[in-house]
Amino acid sequence: MQLRDDRIGIADTFYRAVDMMHICSDGRASTSLFLITHAAVLTKLFKLANYPISFIYILEAPTNSRKTSLSLAVSQVFDRDNLIADAEFATATNCGIEKTLSLYPDAPVHIDDFKPGVSRSDQKTLEKKLDEVARFGGNGVPKMRMTDFMTDGDSKYFPIGGVTIITAELVSAVSSSESRMFITEFGKDTVMNERLKFYQDHRWILPCHLYDFLAWITANFEATVDFIRNRFPDLRGEFSFEFGRYAEMYATFLVTAEILNHYACAKGFWNKETGEDFVQNVQRIILADLKVMEEKVRLRDKGKLIIDAFLYAVDHHLIQPVELTKETCSQRLAVYENSEFYFIQTRELRRLVSEYVNVYRESREVVNDDELCSELEKKDAIEIFYKKDGSRERARKLPVQRGNTLRYLYIKKSVFENTNVNM
């Protein structure tokens with residue numbers, strides 16, 4: 001850290017630090033980055049309040065947009081003489097990243113340069129690594145290993161202690177870990193270079209500010225933990241989001257903003273009105289990012305669209321699944337059911353999805369049978385039959401045979417029980 005005794009605890013240092021939120025022309029990425037830095041240094045307090053930070057932070061922007069420089073200038077706490085990332089995504093191994101994430105408790109850890117793979121195989125490898133990093137950072141729990149028979153087993157355990165910040169060109173999020181990522185994106189010319197250069201040249205500003213902020217937190221440690229414990233659930237319940245973790249992200253940013261406001265007012269840097277304006281501005285920015293994230297999930301997730309369309313048809317009696325028996329099988333109906341599955345002809349499900357899209361004026365469309373089946377398979381929503389020769393059947397004959405040679409998709413009823421958890 002670069003500390004200057006004469007700059008610690010004074011209003012000018014605080015104002016210069018807060019002005020970091022205006023490095024970006026729209027203020028969005030630089031504001032959330034500034035706040036996640038403060039949340040990171042409060043990691044232990046969030047844990048003590050039983051609301052641990054459960055997501056990673058991603059800056060997504062095109063090449064040469066200054067995203068790495070922005071990230072390091074606004075959020076790197078240690079080693080500011082160098083201003084380099086703690087790891088590079090492409091070259092670091094999963095174990096290396098896991099160890100890196102354990103280096104700085106109560107501080108941001110920077111992983112630089114996630115970008116699309118050159119080949120499909122490369123892309124899958126990168127996505128798998130991103131998924132694992134999201135689970136490390138999102139759960140705060142490293143991969144568990146058997147160390148009982150290792151002489152230095154305890155030294156191989158790397159507890160995750162801070163917040164992970166990743167810079168990326170384009171995040172093709174893995175569906176299982178998407179809810180663990182807060183993604184803020186900006187354009188090539190969003191970062192204002194002169195403002196960024198000022199903070200690159202005056203590296204003492206952030207550590208001097210954080211030193212005084214943490215000194216105040218230390219003097220008010222128990223009160224701050226109690227504040228998080230009491231305020232977090234209220235903020236988490238203010239809005240409904242696509243994923244439950246989005247509500248936790250919102251609460252994490254807002255409770256951090258409110259703590260920063262309390263510090264500024266207690267130190268006499270802000271009055272009540274200025275502090276309230278600050279918190280409202282943070283709320284506007286975080287909600288805007290979360291709305292973009294939700295929209296991207298909605299537009300990308302055709303599997304959820306298909307399942308929603310099917311549920312809509314059942315709930316509104318547009319279809320009436322008939323119990324599959326030897327007697328009903330011969331009727332060659334479009335939809336059957338038993339205790340485990342709905343059986344539906346592919347063309348019938350396509351029809352239901354098309355009608356649903358028209359009713360809700362969706363911009364998504366399922367273009368053919370293969371896409372429909374592929375999207376359901378991604379959701380693990382249909383049972384796939386594997387033949388002896390290794391080939392696969394997505395649609396096949398009914399398990400009860402009586403004069404019906406039509407083929408049906410076997411949609412798992414269990415997927416609807418878990419809809420709110422997995423979608």
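This is a predicted model: local features need pLDDT of at least 70, side-chain atom pairs count only at pLDDT 80 or more; totals for chains, interfaces and linings use all residues.
**Group meeting: a buried glutamate, aromatic pairs and cysteines**

E348 belongs to helix α14, which covers residues 346–360. What does E348 touch, leaving out residues up to four places away in sequence? The contacts are I319, A334 and V335.

Before going on, a word on confidence. Mean pLDDT for the protein chain is 84, with 82% of the residues at 70 or more. Residues 141–160 stay under 50 in pLDDT. For that stretch the model has 27 contacts beyond four places in sequence.

Now the aromatic residues. There are 24 aromatic pairs in the model. One of them is F14 with W270, an edge-to-face pair with 5.1 Å between centres and 75 degrees between the planes. Which parts does this pair tie together? F14 is in helix α1, residues 11–18, while W270 is in the loop between α10 (244–267) and α11 (272–300), so the pair ties together parts that are 256 residues apart in sequence.

Are these two buried or exposed? F14 is buried, at 1% relative accessibility, and W270 is buried as well, with a relative accessible area of 12%.

Next is Y263 with F269, also an aromatic pair that is edge-to-face. Here the centres are 5.9 Å apart and the planes are at 75 degrees. Both Y263 and F269 are buried.

These residues belong to a cluster. Ring pairs link F14, Y15, F213, W216, Y263, F269, W270 and F278.

The charged end of R396 sits over the ring of Y410, at 3.8 Å from the ring centre. Over the face of Y342 lies K413, 4.9 Å from the centre of that ring.

Last, the cysteines. How many disulfides does the model have? The count is zero. As a reminder, a disulfide is a covalent bond between the sulfur atoms of two cysteines. C329 is buried, at 0% relative accessibility. C373 is likewise buried, at 7%.

For anyone looking at the model on screen, residues 141–160 are the stretch where pLDDT stays under 50.

Methods:
Residues are numbered from 1 along each chain as its sequence is written. Side-chain values use heavy atoms; hydrogens and water are left out. Rings of Phe, Tyr and Trp (its six-membered ring) pair if their centres lie within 6.5 Å; planes under 30 degrees apart count as stacked, over 60 as edge-to-face and the rest as tilted. Helices (H or I, at least four residues) and strands (E, at least two) are DSSP runs, numbered from the N terminus. Buried means under 20% relative accessible area, exposed over 50%, partly exposed in between (1.4 Å probe, protein chains only). A charge sits over a ring if NZ of Lys or CZ of Arg is within 6 Å of the ring centre and within 35 degrees of the ring normal. pLDDT is the predictor's confidence in each residue, from 0 to 100. Contact means heavy atoms within 4.5 Å. A disulfide is a pair of cysteine sulfur atoms within 2.5 Å.
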